[in-house]
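Here are a few exercises to work through with the model open beside you. Try each task before reading its solution.

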Amino acid sequence: MLLIHCPYCDEMFPEVEFTYAGQAHIVRPQDPAAVSDEAWRDFLFIRANTKGLHVERWRHTHGCGRFFNVVRDTVSDRILATYKIGTPMPDLSALKSALASAPEKARP
Amino acid sequence: MTHFSALQLLKNALTGRDDWSAQWPEAEPKSHYDVVIVGAGGHGLGTAHYLAKEHGITNVAVIDKGWLGGGNTGRNTTIIRSNYLYDESARLYDHAVDLWEGLSQDLNYNVMYSRRGVMMLAHTVHDVQSAQRHIHANRLNGVDNRWLTPEEAKAYCPPLNVSPDARFPVLGAALQERAGTARHDAVAWGYARSAAARGVDIIQNCPVLAIRRDAGGKVTGVETGKGFIGAKQVAVSASGHTSVLMETAGVRMPLESFPLQALVSEPVKPLMPCVVMSNTVHAYMSQSDKGELVIGAGTDQYTSYSQRGSFQIIEHTLAAICEMFPTVSRMRMLRTWGGIVDVTPDRSPILGKTPVPGLYVNCGWGTGGFKATPGSAHVLAHTIAHDSPHPINAPFTLERFTTGRLIDEAAAAAVAH
């Protein structure tokens, strides 16, 4: 079971308190009627499905109820960073090298 | 290759079993093939078998990063059924069941296909209505399925708890008698043996790192751990890692990879005569011929490539199993494991051509690819041989996510996802 740090509660909780909510930073087109079928497909269906560092949304359903973002290594399931909605994505290459140099310590 | 027969068995029994030859040779990659298939699971090996047997294409390599049948073919719960709601799915999965019935004879290999029946329980009024809709839709498509009252369900599967005060009361069940199970490893081994005997190279422990294309966009081959291997046609049959590989060919896939867990109990005497599934409480169970209870459920909630899942999924699954089958509540579980399944937005596979000339894909089976193994391998071989889809897999295109013509088995909820 994952242990996830909620950036709003500023505490670590077990995964059962949270709901996974898919890839983060996907922006809905401003005017859906104006976009091409391909762009609409990309928005609806195409996902990074990264093997490595994946940036994703979680919701603290059985806690504060708020959505936040998580950077997780999908090979080891290790969580490298959690941050509030509206704040910028952390530098993934720095996180990647931190994971490579100290895989056991890489926790938020 | 030795032809398996009762006579061979007797002869080897009398002569100390020294006469069995290797079922397939170790193959080193050649520099070029007509067709390279990535992924030596049941689907990939089956595709090679049908390419060789039905289309005469034998200059084929099946390449796997591990050992053959060591991915999801060796990790699934071996359930076979075809009671899907939509016409396209019914045709595809029923095609597979048709092939399952003759597969042992076709391969000269006992895949232990057992028509023991799959029963899907209804616990709520909504379940009853949905199950009956499925039954009617299935019967219109010529797919076997019928309704059982709780008493009939109990008679078909005695360990099932159908008492009215059960936590998950059984209001009835849909039964597909033609459905059942097969021995998963034997499917991979049987296809591998048959394909190798026809000249197909099976290259194990050789990861495919990238798909290469020429300036015109056409596929030229694959980059592997043992160097570049040229190919006129490449078929990707790599389940959870499909999107990673397709990305190297410049194709972004509507796939997400999730861990799916399963577990088996200690072996016991025959207890479960059939497969029982419950979508509402999210658990299913059957008994292997070794006597282990084989138990599974839905995927974990997050995407991952770790081949392991969270413990609460197992806990939830077993809680549901113990409510439905109180008699197993004190059994010990022997093993749990996870595999990585690639899931499409509509929970139907993507099976056929891609925008890249010479590149084919067989993916998106999500939690239920084993049952379709012979059917999907058969139609993919047709697609590769003719560079044009078989009528059965023609609707399962990648383009459907652009046109919107989905085959929405996700909404139909024929399966516990």
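## Exercise 1: two helices in chain B

Task: Find which residues of α2(B) and α9(B) meet, and describe how the two helices cross.

Solution. Start with the contacts. From α2(B), the residues B:G42, B:H43, B:G46, B:T47, B:H49, B:Y50, B:L51, B:E54 and B:H55 meet B:T373, B:P374, B:S376, B:A377, B:H378, B:L380, B:A381, B:I384 and B:A385 of α9(B). Sorted by class, the residues of this contact are eight nonpolar, nine polar and one charged.

Next comes the geometry; please keep in mind that this is a predicted model. Two packed helices are described by the angle between their axes and the distance between the axes. Here α2 (residues 42–55) and α9 (residues 373–386) of chain B pack at about 55 degrees, and their axes are 8 Å apart. That angle makes α2(B) oblique to α9(B). To finish, the crossing of α2(B) and α9(B) is right-handed.

## Exercise 2: a strand and its surroundings

Task: Decide whether the residues of β12(B) are buried or exposed, and name the strands that β12(B) is joined to.

Solution. Begin with burial. In strand β12 (residues 256–265) of chain B, 10 of the 10 residues are buried, so the strand is largely enclosed by the rest of the structure.

Then take the faces one at a time. In a regular strand the side chains alternate between the two faces of the sheet. One side of β12(B) holds B:E256, B:F258, B:L260, B:A262 and B:V264, the other B:S257, B:P259, B:Q261, B:L263 and B:S265, and both faces are covered.

Now for the partners. β12(B) runs antiparallel to β16(B), to which 10 bridges join it; in this pairing B:Q261 stands opposite B:G338. β12(B) also runs antiparallel to β15 (residues 293–299) of chain B, with four bridges, and there B:A262 stands opposite B:G296.

## Exercise 3: a proline in a loop

Task: Locate B:P349 and work out whether it is buried or exposed.

Solution. First place the residue: B:P349 sits in the loop between β16 (333–343) and β17 (350–353) of chain B. Then count neighbours, remembering that 20 or more within 10 Å count as buried. B:P349 has 25 C-beta neighbours inside 10 Å, so it is buried.

Which residues does B:P349 touch, not counting those up to four places away in sequence? They are B:C363, B:G364, B:W365, B:S376 and B:F396. Of these, B:S376 is also part of the contact of α9(B) with α2(B).

## Exercise 4: a sheet in chain A and its neighbours

Task: Give the strand order of the open sheet in chain A, then see what packs on it.

Solution. The sheet has four strands in the order β3-β4-β5-β6 (chain A), with antiparallel pairing. Its edge strands, each pairing on one side only, are β3 and β6 (78–84) of chain A. The twist averages 35 degrees from one strand to the next.

19 residues of chain A are in contact with 19 residues of chain B. On the chain A side, β3 (19–23) and α1 (37–44) are the elements giving two or more residues.

Terms used: Residues numbered from 1 in each chain as written. Chains lettered and ligands numbered in written order. Predicted model: local features only at pLDDT ≥ 70, side-chain atom pairs only at ≥ 80, totals over all residues. Axes fitted to C-alpha atoms, helices over the stretch in contact; angles between N-to-C directions. Parallel < 35°, antiparallel > 145°, perpendicular 65-115°, else oblique. Left-handed = near helix turned anticlockwise from the far one by under 90°. Contact = placed C-beta atoms within 7 Å. Nonpolar A, V, L, I, M, F, W, Y, C, P; charged D, E, K, R; others polar. Pairing = 2+ DSSP bridges. Buried ≥ 20, exposed ≤ 12 C-beta atoms within 10 Å, placed from the backbone.
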